[in-house]
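Thanks for coming. I will go through one structure, starting at the ligand and then turning to a helix pair and the annotated domains.

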Amino acid sequence: NKQVLLKNYVSGYPKESDMVLATSTIKLKLPEGSNGVLVKNLYLSCDPYMGPRMKNLNNGFFIEPFKLGSPITGNGICKVLKSGNPNFKEGDLVSGVTGWEQYSIIESTKYMSKIQNTDVPLSYYTGLLGMPGMTAYAGFFEVCSPKKGEYVFISAASGAVGQLVGQFAKLLGCYVVGSAGRNEKVDLLKNKFGFDEAFNYKEEPDFDVALKRYFPEGIDIYFDNVGGKLLDAVLQNMRSHARISVCGMISQYNLEQTEGVHNLTNLVWKSARMVGFLVADYYHLYPKFLEYVVPYLKEGKIVYVEDIAEGLESAPKALVGLFKGCNVGKQVVLVSPE
Ligand code: NDP
């Protein structure tokens, strides 16, 4: 059983060498009377929250660090090989929390669900139809209370979450601008996802000037994936009653000292609302989300771009690449096609 293990806790940016590829010779067998499942891992998801889990920090992060010397864990798509649980049978395709290895024993199936729509690419259950999709849906519709015609700005806009937020906002009839860190991504935003405008934030010397160029009348909704200086500039460019959904702050996750945000007082002057949220609190809306998104997907009104790295051995590089903007779209690792 090939595995990707956490070798040491990380300080600063995670590196490939913080993980190690190993082979376990222990024969995997579902224990007698177990309520769990033995699975073959097909796809593994790389998500930004996994970076902070590689650090041994006690800073209020919402989930505990990975265990040293153990396989990295995260969302994945798996095939059930053996089941001690009446809800899953041999051959079922499931999505849920699994290990970065070829085969896993999953004792707790609490976060595991059977895949119902098998006529969409399986890997979409790590992205569009999985946690990032739910994040875009809940973070935009529930947290931002958007209305037709509003001015929407999205950072890390071509990523797993951002590309969907932009398309949801366009379907609602909003004016949508996204920022991304490479011209190739800016091109996707404008030409594939239908954003009205997009810019490369790495080529903008002054974020305030850039935002004023695209939002001369100000921003109604900011879907924040990055935090830091860009958030500060948005705070200077809000319209009255603006809403900021703080989805993530990836620009801050690996800094020893996080950047101060100086313009928070503007929340008062603009009667604006800035709300952090965790997607885990919105999973009761998953059926509603599927009802909304699947028809659009089938009609081709929503598209999804993935970046698929092949082979378990490519997983460390794929994960650390998230923090350097290497991924174009949702980063997935293909472990085995079936
Ligand atoms: P992405 O697919 O967008 O991948 C991460 C991207 O972040 C990179 O490609 C890069 O894009 C950008 N990035 C990396 N480092 C920096 C930096 N220093 N400054 C600015 N941008 C940077 O990831 P996701 O869509 O999966 O996640 C987006 C955000 O949503 C993250 O902050 C994540 O933590 C958060 N999240 C929150 C959830 C919640 O429950 N609140 C659930 C899921 C995700 P670029 O090249 O454009 O810079």
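How do the residues of the shell around the ligand divide into nonpolar, polar and charged? There are 15 nonpolar, ten polar and four charged residues in that shell. Here Ala, Val, Leu, Ile, Met, Phe, Trp, Tyr, Cys and Pro count as nonpolar, Asp, Glu, Lys and Arg as charged, and the others, Gly among them, as polar.

Two notes on the source. This is a predicted model, where local features need pLDDT of at least 70, side-chain atom pairs count only at pLDDT 80 or more, and totals for chains, interfaces and linings use all residues. Numbering runs from 1 along each chain as its sequence is written.

Back to the ligand. Gly159, Gly181, Gly248, Ser251 and Gly325 come nearest among the 29 residues around it, a residue being near if its C-beta atom, placed from the backbone, lies within 6 Å.

Next, the helix pair. Helix 1, residues 131-144, packs on helix 2, residues 162-172, at about 45 degrees, with the axes 8 Å apart. Helices are DSSP runs of H or I, at least four residues, and strands are runs of E, at least two. Axes are lines fitted to C-alpha atoms, over the stretch in contact, and angles run from 0 to 180 degrees between N-to-C directions.

From helix 1, Gly133, Ala136, Gly139 and Phe140 meet Leu164, Val165, Phe168 and Ala169 of helix 2; contact requires C-beta atoms, placed from the backbone, within 7 Å. Those residues divide into six nonpolar, two polar and no charged.

Last, UniProt lists "domain: Oxidoreductase N-terminal" (unreviewed entry) at residues 2-111. That span is 0% helix and 37% strand.

Methods
Contact = placed C-beta atoms within 7 Å. UniProt positions renumbered as here; feature names shortened; annotations may be inferred.
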